[in-house]
Each structure stands twice: as C-alpha cells, then as structure tokens.
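Have a look at the sequence and the structure, then read on.

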Amino acid sequence: IFLTEETKQVLRLSLTEFSLPKFYLLFGISKVKSAAVIAFRSSYRDRSFSPGSYERETFALTSLETVTEALLEIMEACMRDIPTCKWLDQWTELAQKFAFQYNPSLQPRALVVFGCISKRVSHGQIKQIIRILSKGLESCLKGPDNYNSQVLIEATVIALTKLQPLLNK
C-alpha cells in the first residue's frame, strides 16, 4: 500500500498526539507513567499483572467521542490513498449492529461511535435511537439511581446530536 506524504504526516501527528500524557485520560489510563506499559503488558510475560492490579478509570462517553473522531480522521486519511477500502463501511455496520442491540455495556458506546462515524442516516435509524432514549428515560423514572439508564440517555443524546445534520430537511 502506497501512502502519500500527506497521509504519513497525519499518521505521525496522530501518533505523537496520542503519545502525550495529557491524552492518556481519553483512553482511561491517566494514572500511569507510560501508556505502553499498560497497553502491552500481558499475563504471559508478566505474571504479577492481573486485571485488578491497577485501578481502572471510568471511560467517559465524551472521551469516546473524541477518540472516535480522531480514529475516523486517521481512517479517512488512509482511505484517500486506498480507493477500494471498505473499512469505514465495516466499522459503521458493526457500530450500528451493537447500537441497536440491547447490551448495557456495549450499547451506549456503540451509539456514540455510530453517531460519530455515520455519513448517512435513515429516518428508521433515528426512530430506533429515539425508542432507545425513551426506554432509558422510562427506566430512570422507575429508579433515578439507575446508572446504566443515565449512560444510555447520554449516549442517545450524543448520537442524535451527531446524526441530526445528516437528515433531510
């Protein structure tokens, strides 16, 4: 694959940007000295490491939105040099699949990603997102301490905000 100098520059700048400690928070790993230590550590090489051996941080949906937009920028830069590339279509298809499938852990994240990366949206998809929002609001009314419902509501609002400009007037 031949990448233009412009694309290589986008990749270099993105790698440099994501290597800065101030961007660790976006990936939920701000309390480490080196992201590479956490990213490439495995229980095979380092027996002292276990998933509970470091404190997990929450991964805010707004951070996911920022990371998704940055990855989309990288992907679009590469796709300009690869005319037959279907990466974005596949990513969108997967995000849509998980966005409309009930799963308290994945659905809010998939909704945010779907909203960020979609290049077109149908009225049917918007209706599905509004139904998800409605169910989240119903659940919150039953018990305001329902954290999953609050996250789902936040995710649907982010997705609808991103998708609204794609709708026909």
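Of the 169 residues in the protein chain, 37% are buried, where buried means under 20% relative accessible area, exposed means over 50%, and partly exposed lies in between (1.4 Å probe, protein chains only). This is a predicted model, so local features need pLDDT of at least 70 and side-chain atom pairs count only at pLDDT 80 or more, while totals for chains, interfaces and linings use all residues. Residues are numbered from 1 along each chain as its sequence is written, and side-chain values use heavy atoms, with hydrogens and water left out.

What does the secondary structure come to? There are seven helices and zero strands, and along the sequence that reads α-α-α-α-α-α-α. Helices (H or I, at least four residues) and strands (E, at least two) are DSSP runs, numbered from the N terminus. Take the contacts between residues at least 6 apart in sequence: 61% of them join residues at least 24 apart, a contact being heavy atoms within 4.5 Å.

Let's start with helix 1. Its 15 residues, 5-19, reach 21 Å from the first C-alpha to the last, close to the 21 Å expected at 1.5 Å a residue (the expected span is 1.5 Å times one less than the number of residues). Thr7, Val10, Ser14 and Phe18 are buried in helix 1. They cover an arc of only 55° around the axis, so they sit on the same side of helix 1; the arc is that of the directions from the helix axis to the C-beta atoms. Helix 3 is included in what covers these buried residues. The face turned away from the buried side carries the exposed residues Glu5, Leu13 and Leu15.

Now for the middle of things. The largest nonpolar core has 28 residues, and Leu61, Leu111, Val112, Phe114, Ile117, Ile129 and Leu163 touch the most other members. Such a core is a set of buried Ala, Val, Leu, Ile, Met, Phe, Trp, Tyr and Cys residues joined through side-chain atoms within 4.5 Å. At least two residues each come from helix 3 (61-81), helix 4, helix 5, helix 6 (123-142) and helix 7 (147-163). Helix 7 gives the most, with eight residues.

There is one aromatic pair in the structure. The ring centres of Phe100 and Phe114 are 5.7 Å apart and their planes are at 70°, so the pair is edge-to-face. For the cut-offs, rings of Phe, Tyr and Trp (its six-membered ring) pair if their centres lie within 6.5 Å; planes under 30 degrees apart count as stacked, over 60 as edge-to-face and the rest as tilted. The pair links distant parts of the chain, 14 residues apart: Phe100 is in the loop between helix 4 (87-99) and helix 5 (107-117), and Phe114 is in helix 5.

| Residue | Relative accessible area |
|---|---|
| Phe114 | 1% |
| Ala95 | 6% |
| Gln125 | 12% |

Who touches whom, leaving aside neighbours within four places in sequence? Ala95, in helix 4, is in contact with Ala110, Val113, Phe114 and Ile117. Gln125, in helix 6, touches Gln96, Phe100, Phe114 and Arg120. The contacts of Ile129 include Phe100, Leu111 and Phe114.
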